[in-house]
Amino acid sequence: MSTQAATADAVSTKTPLLKSRLGSFLAVVPLTFWVVNHLWDNLSAFNGAVAWEKSVTTYANPYSQALTFIIVMLPLLFHTGWGLVRLFSFRPNNNRYNNYGNFKYILQRVSALGVLAFLGAHIWLAFLQPRLVAGHPEAFSDIAREMRFHGPTLIVYLLGTLGTAYHLANGLQGFAMGWGLLGSERAMRRFEPVSIILFLLLTAMSWSVIYALYTAGAAFGPSSH
């Protein structure tokens, strides 16, 4: 075999691994930090409308708003495309993995579809539509009223944030495995509590925000529409 052929085979072999690592990196690093920061900002709902709108919908300048949108959307779009390919290319392996591993495998991919639908609706309704259609950021009174008096909105947010918390926490374990940070079954078992704690923490933050908005919604009354 020639040197050129050997090099080509090596590149071909490494390419799927590089794509997989890049996909997991773009999923875990920017998106996880953004989700945690976004939830932290939304916890200001406990302090009322002014504090929430200052933390969540107010930007120092238009450039920071555009930069935030790019940092979120580009990795999200890349990860979505990468994830859809994996979703339709891989199948659970009952001979290789135990029942718990297969359950997590299936739940990760089911949650991915739910999270994709939830984030798509959330980005449109909470970020794009108010600015592009109404001409202003989303008002605290609007989201609080919807959370309090519109049952489907409340259910979607509860389930959507639950799925997001699981997908990120379990994805962190997959990221660590893919990058060789967890090189043995023992290491994976020891990391399992970390994933569980992260899942519970993200869920607690998310549902705390929902509770704060739900409670505040009582002051605005049901929508007239």
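# Close-up views of a helical chain

**Figure 1. Overview of the chain.** Of the 225 residues in the chain, 35% count as buried. The model shown here is predicted. Seven helices and zero strands are assigned to the chain, and the order read along the sequence is α-α-α-α-α-α-α. Among contacts in the chain with a separation of 6 or more, residues 24 or more positions apart account for 76%. The chain exposes about 13,900 Å², and carbon and sulfur atoms supply 69% of that area.

**Figure 2. The crossing of helices α6 and α7.** Helix α6 covers residues 151–178 and helix α7 covers residues 185–217. Their axes come within 9 Å and cross at roughly 155°. Because of this angle, α6 is roughly antiparallel to α7. The crossing in which α6 passes α7 is right-handed. On the α6 side, the residues that meet α7 are L154, Y157, L158, T161, L162, A165, Y166, L168, A169, L172, Q173 and M177. On the α7 side, they are M188, F191, E192, S195, L198, F199, L202, T203, S206, W207, I210 and Y214. Sorted by class, the contact of α6 with α7 has 18 nonpolar, five polar and one charged residues.

**Figure 3. Helix α5 against helix α7.** Helix α5 comprises residues 140–149. The axes of α5 and α7 come within 7 Å and cross at roughly 95°, which means that α5 is roughly perpendicular to α7. From α5, the contact is made by F140, I143, A144, R145, M147, R148 and F149. From α7, the contributing residues are I210, L213, Y214, T215, A216 and G217. By class, the contact of α5 with α7 has nine nonpolar, two polar and two charged residues.

**Figure 4. The buried residues of helix α5.** In α5, the buried residues are F140, S141, I143, A144, R145 and M147. These buried residues pack against α2 (49–56), α6 and α7. An α-helix has 3.6 residues a turn, so residues three or four places apart point the same way.

**Figure 5. V50 in helix α2.** Helix α2 holds V50. V50 has a relative accessible area of 69% and is therefore exposed. Between the C-alpha atoms of V50 and F140 the separation is 8.2 Å, although V50 and F140 are 90 residues apart along the chain. F140 is one of the buried residues of α5.

**Figure 6. The crossing of helices α4 and α6.** Helix α4 spans residues 99–134. The axes of α4 and α6 come within 8 Å and cross at roughly 130°; α4 and α6 are therefore oblique to each other. Their crossing is left-handed. The contact is made on the α4 side by K104, L107, Q108, S111, A112, V115, F118 and H122. On the α6 side, the contact is made by V156, Y157, G160, T161, G163, T164, Y166, H167, N170, G171 and Q173. By class, the contact of α4 with α6 has seven nonpolar, 11 polar and one charged residues.

**Figure 7. G160 in helix α6.** G160 has its place in helix α6. With a relative accessible area of 7%, G160 is buried. G160 belongs to the contact of α6 with α4, as does S111 on the α4 side. The C-alpha atoms of G160 and S111 are separated by 8.8 Å, and the two residues are 49 residues apart along the chain.

**Figure 8. W124 in helix α4.** W124 is a residue of helix α4. W124 is partly exposed, and its relative accessible area is 37%. Not counting residues up to four places away in sequence, W124 touches Q129 and P130.

Conventions. Residues numbered from 1 in each chain as written. Predicted model: local features only at pLDDT ≥ 70, side-chain atom pairs only at ≥ 80, totals over all residues. Heavy atoms only, no water. Axes fitted to C-alpha atoms, helices over the stretch in contact; angles between N-to-C directions. Helix = DSSP H or I, 4+ residues; strand = E, 2+ residues; numbered from the N terminus. Parallel < 35°, antiparallel > 145°, perpendicular 65-115°, else oblique. Left-handed = near helix turned anticlockwise from the far one by under 90°. Contact = heavy atoms within 4.5 Å. Nonpolar A, V, L, I, M, F, W, Y, C, P; charged D, E, K, R; others polar. Buried < 20%, exposed > 50% of the residue type's maximum accessible area, 1.4 Å probe, protein only. Areas by Shrake-Rupley, 256 points an atom, 1.4 Å probe, with all protein chains shown as cover.
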